[in-house]
Amino acid sequence: MAFSANYIKKYDENLYELLKKKFEEEELNLTILKLKNPQLFNTLISGDYSDIPEKYYLRVIHKAIKFMDIDMDTFNKFATTRMHYEGEIQSEEEALPFWGAVDKHFLAFNIMLQLRDYRNIFHYITEYLKGKEHISYCDYGCGSGALSLALNARNEFEKMTFFDLDCYHSDFVKYYISSCKMNAKWFDVLKEEEMEQYDVVVCLDVLEHIEESYNTLVKLSKKVKKGGLLILKGAFEIDSYSHLPLASKNFYVDNNGPEFLSTHFMNIKKFYYPALLSGAYIKK
């Protein structure tokens, strides 16, 4: 994953100057940076990347094993083998069969991906919620819901809502909610009518898969209470990689997504990886 130097400069002048001293290239490759300068790499990706405590993530994995009727060895095999989509995805219609995959392989992989790649978000939200009670929580585009389920095991939210496509990984979320007797609901994102507001809304690796990405952000903003927390994450920049080219075009060219964010939210934390848009925002 590479970031445009111009976007880094626009977003954070001090970070740009720091990186300029270290690299002469126009593009900054994080894999190379990790090898050459681990300390700077840790500063760039930002946050606590220690593992999610075992007692929280194992609860999710054990439920998944029971739901899929497999053993731990099989789960680990599925979880460590990436599924690949052959060809370039250009539209939501092409992407749906992949992201709505119905097999156990995809579910196990997505669970481990969330528990590994969202570690810093787990720790950030946990720290943010210290001293707060009666928290309502929404996961928009939840996939397996693994991060949010682990967070609930740690923080015990008063109310949770999950949104996604109606497919196999959503069946797992619904199974988990029912078997744990959680005060939680799941909604089909394509038939959404729920209009509640929440203290915390997370939208992780979602916007870059949606052609109407800007309208999705506007919809999400309405779900966040005033003073509430919105967490965004995704490979999503105007001049770099995005899963759907139309998603970036809709957000940055046809509309002004960053301006909408700055108008309605205050950015309190930047998650530089995997995109500069990623971060924590408070609703004004």
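Of the 284 residues of the protein, 52% are classed as buried (under 20% relative accessible area, with a 1.4 Å probe and protein chains only). The model is predicted, and local features require pLDDT of at least 70, side-chain atom pairs pLDDT 80 or more, whereas totals for chains, interfaces and linings use all residues. Residues are numbered from 1 along each chain, and side-chain values rest on heavy atoms, without hydrogens or water. The secondary structure comprises 14 helices and nine strands, taken as DSSP runs (H or I of at least four residues for helices, E of at least two for strands) and numbered from the N terminus. Among contacts (heavy atoms within 4.5 Å) between residues at least 6 apart in sequence, 70% join residues at least 24 apart.

Helix 8 (residues 104-117) packs against helix 11 (residues 168-179) at an angle of about 65°, the axes lying 9 Å apart; axes are lines fitted to C-alpha atoms over the stretch in contact, and angles run from 0 to 180 degrees between N-to-C directions. Lys104, Phe106, Leu107 and Ile111 of helix 8 meet Tyr168, His169 and Phe172 of helix 11.

In helix 14 (residues 257-264), the residues Gly257, Phe260 and Leu261 are buried. Viewed down the axis of helix 14, these buried residues fall within an arc of 100°, so they line one face of the helix; the arc is that of the directions from the helix axis to the C-beta atoms. They pack against helix 12 (213-223), strand 7 (224-233), helix 13 (245-253), strand 8 (265-270) and strand 9 (279-283). The N-terminal end of helix 14 is capped by Asn256, a side-chain oxygen of which lies 3.0 Å from the backbone nitrogen of Glu259.

Technical notes: Buried < 20%, exposed > 50% of the residue type's maximum accessible area, 1.4 Å probe, protein only. Polar contact = N/O pair within 3.5 Å; in protein donor to acceptor, adjacent residues only side chain to side chain.
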